[in-house]
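Q: Could we go through this structure together, beginning with the terms required?

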Amino acid sequence: MARSTSLLIRSLLFSALFYANLTVHMVVALPTFFLPSRVLLAFVRSYARTSLWLLRIVCGIKVEWRGIDKIPRGACIIACKHQSAWETFALYAVLRDPAYILKRELMWIPLFGWYTWKAGLIPVNREAGLAALSRMTARARQELARARQVVIFPEGTRRPPVAEPIYKPGISYLYSKADVACVPLALNSGLFWPRRSLRRIPGTIVVEALDPIAPGLDRKFFAAQLESVLEGASARLIAEGRREIATRGAAQSPQDDGTTAGSTS
């Protein structure tokens with residue numbers, strides 16, 4: 001009970017600091033509306049890195065980045081698993097100039113939405129079908145022409161780590177039109193930052209960039225390959241995260257003799 005209460009308190013404290021950090025960065029960055037977008041990018045990167053620092057200090061959640069050197073510095077598509085709100089900001093800490101594809105409604109939020117527009121993010125209307133895919137792809141190609149990394153969540157929305165994957169057609173359509181490599185990005189963030197929950201579970205979020213998929217493949221073959229490699233790697237990282245959580249829990253559980261694991265008599 002004490003551990004559960006402590007975890008909840010730390011999670012609530014982090015949430016308060018997280019949104020305070022966001023608010024401060026948005027206010028201080030107001031002059032960037034009149035400056036080049038690279039200036040705003042510096043503020044967003046600062047926000048991402050300070051948020052990750054708060055997550056580590058307050059909640060005991062670290063991050064391990066694997067294979068990041070596989071991501072091209074120039075134009076590419078990054079197909080990222082989406083288990084949590086964490087990846088919507090954290091990738092800014094390591095990517096050079098990402099252009100996220102996001103639902104259009106987020107750009108209507110006062111101030112926050114204005115920043116998404118200034119940062120050159122790519123809106124998509126989920127209800128508009130093929131027309132939405134065409135508009136999204138046209139915008140994505142503009143950003144790719146500027147040597148940016150277009151980040152897309154293939155499932156469209158957050159899915160729990162154990163959920164059956166449901167890949168949307170947008171990723172395959174974009175790949176078929178963009179003529180750039182696609183880098184699958186596996187992770188296990190949903191174990192430590194669960195969706196629709198205030199709890200933040202101590203441990204290590206692992207993000208792993210997999211081998212890029214070369215452009216020019218048949219659309220159906222690409223879709224099958226992407227899902228296979230991304231789901232396989234994510235399942236491996238989820239299993240790794242669960243072992244860490246189990247080990248941490250066992251180390252903190254009372255032993256039969258009334259001591260705790262790791263303590264000395």
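A: A crossover is right-handed if, with the strands pointing away from the viewer, the path from the first strand over the helix to the second runs clockwise. Helices (H or I, at least four residues) and strands (E, at least two) are DSSP runs, numbered from the N terminus. The model is predicted: local features need pLDDT of at least 70, side-chain atom pairs count only at pLDDT 80 or more, and totals for chains, interfaces and linings use all residues. Residues are numbered from 1 along each chain as its sequence is written, and side-chain values use heavy atoms, with hydrogens and water left out.

Q: Which hand does the unit of β3, helix α4 and β4 have?
A: Strand β3, helix α4 (residues 112–118) and β4 form a right-handed β-α-β unit.

Q: In what sense do β3 and β4 pair?
A: Strand β4 (residues 122–124) pairs with β3 in the parallel sense over three bridges; pairing requires at least two DSSP bridges between the strands. Leu 102 stands opposite Pro 123 in β4.

Q: And what stands opposite Ala 99?
A: Val 150 in β5 does. Strand β5 (residues 149–152) and β3 also pair in the parallel sense, over three bridges.

Q: Why is β3 largely enclosed?
A: Five of the six residues of β3 (residues 98–103) are buried, so the rest of the structure largely encloses the strand. Buried means under 20% relative accessible area (1.4 Å probe, protein chains only).

Note on methods: Buried means under 20% relative accessible area, exposed over 50%, partly exposed in between (1.4 Å probe, protein chains only).
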